[in-house]
There are 2 protein chains.
Amino acid sequence: MKNLVGACIFGQSGGPTSVINSSAAGVFTEALKHKNITAVYGAAHGIKGILDENFYDISKEDPQELLLMKNTPSSALGSVRYKLKPVEADETDYIRLLEVFKKYNIKYFFYNGGNDSMDTCNKVSKYLLAKGYECNIIGVPKTIDNDLFGTDHCPGYGSAAKYVATTLMELCLDAKVYDKGQITIVEIMGRNAGWLTAASSLAAYKGLGPDLIYLPELPFDVDKFVSDVKTVIDNNQGKCIVCLSEGIKTKEGLYVAEAIAQASAQKDSFGHTQLGGVAASLAELLKQKFGTKVRAIEFSLMQRCAAHLASKTDVEEAFMAGVTAVRCAVEGYTDKMVIFERQSGKDYSIEYKLMPIELAANTEKAVPLSWITNNGTALSQEFIDYALPLIQGDTKAPSEEGLPRMAKLKKVPVNK
Amino acid sequence: MKNLVGACIFGQSGGPTSVINSSAAGVFTEALKHKNITAVYGAAHGIKGILDENFYDISKEDPQELLLMKNTPSSALGSVRYKLKPVEADETDYIRLLEVFKKYNIKYFFYNGGNDSMDTCNKVSKYLLAKGYECNIIGVPKTIDNDLFGTDHCPGYGSAAKYVATTLMELCLDAKVYDKGQITIVEIMGRNAGWLTAASSLAAYKGLGPDLIYLPELPFDVDKFVSDVKTVIDNNQGKCIVCLSEGIKTKEGLYVAEAIAQASAQKDSFGHTQLGGVAASLAELLKQKFGTKVRAIEFSLMQRCAAHLASKTDVEEAFMAGVTAVRCAVEGYTDKMVIFERQSGKDYSIEYKLMPIELAANTEKAVPLSWITNNGTALSQEFIDYALPLIQGDTKAPSEEGLPRMAKLKKVPVNK
């Protein structure tokens with residue numbers, strides 16, 4: 001643990017969320033306060049911006065705009081999906097990073113992202129340690145998938161969950177409005193972890209939610225699904241709302257859309273497969289089975305960028321995650337990721353802690369199987385108790401002519 | 001014009017909106033105040049509920065819940081798509097309606113809907129007039145499509161437009177976040193009128209909107225579209241956001257998805273056509289042309305039921321449209337639809353007026369061609385000036401545990 005003096009750099013990585021910029025605001029406003037931090041840089045497109053020496057001088061930004069970042073979705077500095085090769089396989093990027101860190105006297109590195117980004121952050125941290133280059137490195141978690149190991153939950157999840165639950169309540173009122181049968185299938189993000197799809201159960205908890213929920217934690221059986229839907233429509237005048245994760249797979253490990261395409265290709269000698277996601281594929285299947293109206297809906301990018309519907313709890317926690325990263329780094333901590341530890345007691349509260357960053361890299365935390373109930377189609381009260389505090393409170397960008405006033409950064413380039 | 005004494009009945013019809021229940025709240029709260037109105041009924045599923053004698057006694061509802069309807073999306077009484085045949089072709093339904101009206105001494109009939117619903121309302125009105133049955137009938141407009149003739153705009157449009165513009169701003173930040181090219185195609189509701197798609201230009205007006213906008217008012221040329229996109233991506237590091245109406249058609253009058261399917265079927269001797277909407281079809285086409293990442297997004301039902309993002313102006317106007325319908329009917333007006341007349345002057349204001357209902361029935365108001373600019377890919381300042389006042393102000397349901405507290409009606413059936 002060393003108190004270092006030098007510049008700091010912050011990067012955003014992976015899929016954007018409603019609150020990744022709130023963490024940036026936390027990092028920047030805090031970093032600008034510390035005299036040990038001699039310059040505050042924002043990397044354009046994460047690690048790529050560092051490799052390319054493409055970064056911005058944050059001290060040139062209007063402090064008011066930095067605060068507006070709290071309610072501006074996506075990644076204001078630009079994001080990236082760039083995987084560093086293992087150093088044993090190819091040291092090129094690492095050598096280049098060290099060169100840039102030395103050139104700008106970077107002594108603090110903060111990286112904001114999910115599993116893959118924490119892997120990057122971990123690799124950089126371990127390399128610089130091995131090379132004896134002193135730099136305090138802290139990862140700031142974010143992901144709407146909520147699948148990072150070691151933290152009670154991830155910044156970004158609460159807001160996406162609030163979007164999913166609120167929108168489901170509205171859809172539930174809309175999709176059941178006619179006196180005719182209609183099946184609605186909603187596809188929600190989540191390749192391997194069903195946390196976000198599970199949030200649809202918060203709408204059900206309020207009496208306006210899906211009838212059936214399917215998470216990727218359990219293998220998906222198409223025949224059982226058809227039978228589950230049949231039971232619901234037989235008891236609800238032909239109406240049924242289904243929520244499912246984009247990543248649901250059959251017990252053979254095939255994505256469901258692929259499995260349906262393969263099965264239909266076997267029947268169809270021309271071998272054509274159908275395009276589209278899992279909701280569209282299952283909708284087509286149900287149309288054929290039941291001859292009823294079936295609508296497939298994808299929450300698409302909206303579920304991760306609907307900052308107008310952000311959770312205040314999430315926005316504030318994301319901000320504090322950034323602040324905590326800076327404070328801990330200045331105190332001398334390094335090679336860590338910020339985590340949230342939920343405190344026991346009746347009222348929800350968390351403490352901000354640190355965890356060795358290698359524990360977060362590339363691991364995935366799934367929804368506990370014991371929380372998945374009703375033969376794999378619902379969530380237990382434990383999930384509601386877990387998720388409900390995370391969606392509390394409203395916050396959004398100030399309104400300007402009826403539309404959100406987003407942060408406008410000057411992005412003054414740092415001279416190479 | 002006659003002052004009548006008797007029951008009133010109100011029905012909701014056609015596709016729901018964020019504010020159709022606000023008009024219901026206006027009708028109900030106002031109707032309950034008038035001593036000439038001896039009973040207030042809500043028809044289940046519009047005209048169908050009247051034919052079936054399936055309606056609710058609104059006086060039994062908690063007044064607080066009626067007010068919560070202002071921020072509860074969809075059609076709380078249930079909606080319907082039921083077209084009355086011309087009376088010359090089949091009088092059955094009309095005879096039945098008259099029977100029900102007589103049985104319950106219904107002297108006031110309010111019907112809330114778009115073109116088709118105003119046609120229904122008009123037919124009922126003309127039939128009862130012809131039969132000498134005194135009943136004051138007023139149509140209450142609503143449609144996110146904003147295509148009703150004779151009114152400056154329609155309740156429901158402002159909120160849907162606010163959803164479209166706000167979501168586009170958020171999407172614009174998200175979809176351009178990477179340092180790689182990506183084309184995003186957003187499909188927005190509107191079969192024949194492009195008002196709602198045009199609202200995406202409000203996001204562009206704020207600097208975070210689509211690069212290209214296509215409305216059904218102009219024939220859609222696939223080759224021109226590909227060339228338009230090419231120009232944008234060549235000048236924007238491969239990034240482009242397109243908004244288009246679901247109803248865009250080729251100059252031959254074919255829906256674009258159909259036209260693409262036909263063209264591809266000609267090439268494909270098996271004659272298979274592709275499933276999905278116009279955005280998905282065009283996305284597939286662009287993927288093949290440019291080999292870049294293309295994402296199709298449909299705003300689907302969300303655009304018409306996102307009451308959490310409603311325009312306060314729209315919610316209040318929808319409420320007052322309902323109030324106006326009742327007041328005018330009690331004063332003795334009949335055979336009319338409520339319209340909004342925009343007043344001249346710097347500040348936006350409207351007056352509530354009446355128009356002969358037959359003028360609204362089955363006519364469609366398109367976006368003026370002179371407002372469509374940039375070779376059919378943008379909207380003029382006239383459109384911005386027209387639409388911007390309609391999305392002003394925020395309002396939403398009160399929050400309960402972080403989620404909207406929607407109206408809960410008892411729906412006490414009226415004894416047959």
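Axes here are lines fitted to C-alpha atoms, for helices over the stretch in contact, and angles run from 0 to 180 degrees between N-to-C directions. This is a predicted model: local features need pLDDT of at least 70, side-chain atom pairs count only at pLDDT 80 or more, and totals for chains, interfaces and linings use all residues. Residues are numbered from 1 along each chain as its sequence is written, while chains are lettered from A and ligands numbered from 1 in the order in which they are written. Helices (H or I, at least four residues) and strands (E, at least two) are DSSP runs, numbered from the N terminus.

**Helix pair in chain B**

- The axes of helix α1 (residues 20-31) and helix α13 (residues 312-331) of chain B come within 7 Å and cross at roughly 40°.
- α1(B) and α13(B) are therefore oblique to each other. Angles under 35 degrees count as roughly parallel, over 145 as roughly antiparallel, 65 to 115 as roughly perpendicular and the rest as oblique.
- By class, this contact of α1(B) with α13(B) has 12 nonpolar, four polar and two charged residues. Ala, Val, Leu, Ile, Met, Phe, Trp, Tyr, Cys and Pro count as nonpolar, Asp, Glu, Lys and Arg as charged, and the others, Gly among them, as polar.
- On the α1(B) side, the residues that meet α13(B) include B:S22, B:G26 and B:E30. Two residues are in contact if their C-beta atoms, placed from the backbone, lie within 7 Å.

**Sheet in chain A**

- Seven strands form an open sheet in the order β3-β2-β1-β4-β5-β10-β11, with mixed pairing. Two strands pair if DSSP finds at least two bridges between them.
- β3 (55-57) and β11 (350-356) of chain A are the edges; each has a single partner strand, so one side of each lacks a neighbour in the sheet.
- From one strand to the next, the twist averages 30°.
- β1 (residues 6-12) and β2 (residues 37-43) of chain A pair in the parallel sense over five bridges. One bridge joins A:G6 to A:I37 in β2(A).
- Helix α13 (residues 312-331) of chain A lies across β4, β5, β10 and β11 of chain A, running at about 170° to β5(A).

**Contact between the chains**

- 55 residues of chain B are in contact with 54 residues of chain A.
- α6(B) gives the largest share of the chain B side, 10 residues.
- That side of chain B divides into 27 nonpolar, 18 polar and 10 charged residues.
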